[in-house]
Protein chains: 2
Amino acid sequence: MNATSFHTFSETYKQLIELKIIEYVEELKAPDNLKAAMAYSLKAGGKRIRPLLVLAVLDAFAKDLNAGVPTAAAIEMIHTYSLIHDDLPAMDDDDLRRGKPTNHKVFGEATAILAGDALLTYSFQLIANTEHPDVTPEMKLNLILEIAKAAGAEGMVGGQVADMEGENKQLSLEELQYIHEHKTGKLLMASVLSGAILSGASAEQIHALKQFSYHLGLAFQIRDDILDIEGSEGEIGKPVGSDTGNNKSTYPSLLTLTGAKVRLAEHIKMAHKELAKTQLDTVLLNEITDMIAKRKS
Amino acid sequence: MNATSFHTFSETYKQLIELKIIEYVEELKAPDNLKAAMAYSLKAGGKRIRPLLVLAVLDAFAKDLNAGVPTAAAIEMIHTYSLIHDDLPAMDDDDLRRGKPTNHKVFGEATAILAGDALLTYSFQLIANTEHPDVTPEMKLNLILEIAKAAGAEGMVGGQVADMEGENKQLSLEELQYIHEHKTGKLLMASVLSGAILSGASAEQIHALKQFSYHLGLAFQIRDDILDIEGSEGEIGKPVGSDTGNNKSTYPSLLTLTGAKVRLAEHIKMAHKELAKTQLDTVLLNEITDMIAKRKS
C-alpha cells in the first residue's frame with residue numbers, strides 16, 4: 001500500500017467508506033424513515049477527510065487498513081450528526097448543505113434531531129463491535145474514550161457552544177483558536193489518534209501525530225475562512241461571504257487576508273515537520289496535508 | 001447488602017447516583033453554560049429507576065455495587081438526554097418536566113440540543129473509563145454495545161420515531177407495544193442487562209433477567225397510561241389527561257381502564273416469576289417491581 005499514489009488511495013477508500021457507512025445503516029432494524037434520514041446525510045458527499053486520515057495513519061504504519069474501517073465510518077457518522085444538528089433552525093438555520101437541502105428541510109426537524117442522535121449512538125456501537133485480528137479490546141476502549149472526549153463537551157460540542165457564544169462579538173485570536181481547536185480540531189485529531197491507536201504507535205509517535213493533527217486542524221479552518229472570501233458559491237456549496245455577513249470573527253478579519261495566508265503556510269509547514277518526526281512512510285499524510293492547504297471546497 | 005430493606009437501598013443509592021452524575025459533569029473542562037444545562041436536567045429529579053436497577057442486579061449477585069456506578073450514571077445520562085430532546089419544540093414541545101421548566105425553556109433550544117448531545121456522548125466515555133477491579137475490558141465493551149443498541153435506532157430512538165409516526169392514528173395493541181418496547185423498554189432492559197454483565201451472569205440468568213425486564217418495562221408503561229387518567233397533576237408533574245387530549249393511543253384506550261389494570265397485574269406477575277428463575281436473592285428487584293406497579297408518579 002505504501003507505494004500507492006494519493007489519488008488512488010483517496011478514490012479507493014473514499015468509495016469503500018461511502019459503501020460501508022450505508023451498509024451499516026441498512027443493517028439496522030429500525031423505522032424506514034429514520035434509516036432514510038440517517039443515510040441521506042451520510043450520502044451527501046464531502047471530502048471524507050476524517051475516515052481517510054484514520055486509514056492513512058494505518059498505511060503509514062504498514063498495517064491492514066481493514067482494521068480501521070469501522071472506526072473510520074464511526075467518525076464520519078459523528079461528523080455527519082454534528083452537521084445535521086448544526087443546520088437545525090435553532091442552531092445555524094441552514095437550508096442548504098453541500099448544495100443540497102439540509103436534513104430537516106427534507107425529513108422535518110424532529111426526525112433530523114433523532115437521525116443525529118441515532119448516528120452518534122451507532123458510532124460507539126460500531127467501534128465496540130469491530131471484529132479484526134489486529135484490534136484488541138483495549139484498543140477499542142481507547143478508541144471509544146478518545147473519540148467520545150473529542151466529540152463531547154470537552155471537544156466538538158463544547159466548541160459549538162463557544163462558537164454560539166462568540167457570535168456577533170469581536171473575538172481575540174486566542175478565542176477564535178479555542179473555538180476551532182474544539183469545534184473542528186478535536187475530531188480531526190481523534191481521527192489521526194485512532195489510526196495511531198489501531199497501529200500500536202509508540203508514545204513519541206503519538207505525540208508527533210497529535211502535534212501534526214493540531215496544525216492540520218488549524219490549517220483546515222484557516223483555509224475554510226480564506227475560501228469563504230475567495231471561493232465561488234458552486235465550489236463551496238454555501239453562499240460566499242456568508243461569514244462576513246454574519247459578522248463572524250474569522251482569521252482574515254483578525255489577521256487580514258494576507259496574514260491568514262501566511263498563518264496557513266506556517267501550520268502546513270509545521271504539520272509536515274511533525275510527520276517527519278514519526279520516522280514512518282507518511283507519503284499519504286503529507287499529501288492530505290497539501291490537499292487541505294490548497295483545497296477549493 | 002442483601003439484608004438491606006428496599007427503602008434504605010433506594011434512598012442511599014439514589015443519593016449516591018445523584019451526587020456522582022453531578023460530580024462527573026463538574027469534572028468536564030467545558031463552557032460553563034453547557035455544563036449548567038447538562039446539570040440542570042440531571043438534577044431535575046425523577047425515580048432514578050434505571051441506575052437503581054443496575055445496582056439492584058449487582059446486589060442480587062452479591063457483587064460490589066461500586067462496580068456499577070459509572071454505568072448506572074451513564075444510563076441515567078442517556079435517559080436524561082432523551083427527555084431534553086423529547087421536550088424540544090420540534091418534538092413534544094413541552095414547557096414543563098417534573099413541574100420545572102424544560103431545558104430549552106431555561107437555556108434556549110440550541111444549548112438544549114447540545115446539552116443532550118454532550119450527555120449522550122459522555123455516557124460512553126464514562127463506561128469506557130470505568131476503573132474497578134471487577135470490571136474487565138470485555139465487560140466494558142459488552143456494556144457499550146448493549147447500551148448503544150438499546151439507546152439508538154434499534155431501540156429508544158427508533159421507538160421515538162415510531163411514536164411520532166403513530167400520533168393521531170388509531171394504533172393496534174401490537175403497534176403500541178412496539179413503541180413502548182423500544183421507546184422505554186429497551187433502555188430499562190439494558191439497565192438490568194448491564195447489572196448482569198457486570199456480575200458475570202450465566203446465559204440462563206441473562207435470559208431470565210431479560211424476560212423480567214421485558215415485563216417490567218411494559219408494566220412501567222401501562223402504569224404510566226393509567227396514571228395519566230387517575231393521577232393528580234401535582235404528583236405526575238404534567239397535566240393529567242394530556243395523552244387523551246393529544247389523541248394518543250394508550251393501553252386504557254385500547255383495553256379499557258379495567259383491562260389495562262388486568263394487563264399490568266399480569267406483567268408484574270410474570271416479572272416476579274422470571275426473577276425466581278435466576279435463583280438469586282432478588283428481594284430488591286422484587287420490591288422495585290412492586291413499586292412500579294403501585295407508583296403514584
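1. Contact here means heavy atoms within 4.5 Å; on that basis, 46 residues of chain B are in contact with 46 residues of chain A. This is a predicted model, in which local features need pLDDT of at least 70 and side-chain atom pairs count only at pLDDT 80 or more, while totals for chains, interfaces and linings use all residues. Residues are numbered from 1 along each chain as its sequence is written, chains are lettered from A in the order in which they are written, and side-chain values use heavy atoms, with hydrogens and water left out.

2. About 3,800 Å² is buried between chain B and chain A, with carbon and sulfur atoms giving 75% of it (buried area being the accessible area, with a 1.4 Å probe, that two parts lose on being put together, summed over both). Leu114(B), Thr121(B) and Leu141(B) supply 15% of the area that chain B buries against chain A, more than any other three residues.

3. The count of salt bridges between chain B and chain A is 0, a salt bridge being a side-chain nitrogen of Lys or Arg within 4 Å of a carboxyl oxygen of Asp or Glu.

4. Within chain A, helix 1 (residues 6-26) and helix 4 (residues 69-87) pack at an angle of about 80°, with their axes 10 Å apart, where axes are lines fitted to C-alpha atoms over the stretch in contact and angles run from 0 to 180 degrees between N-to-C directions; helices are DSSP runs (H or I) of at least four residues, numbered from the N terminus. That angle makes helix 1 of chain A roughly perpendicular to helix 4 of chain A (65 to 115 degrees). Among the residues making this contact are Leu16(A) and Ile17(A) of helix 1 and Ala72(A) and Met77(A) of helix 4.

How values were computed: Helices (H or I, at least four residues) and strands (E, at least two) are DSSP runs, numbered from the N terminus. Angles under 35 degrees count as roughly parallel, over 145 as roughly antiparallel, 65 to 115 as roughly perpendicular and the rest as oblique.
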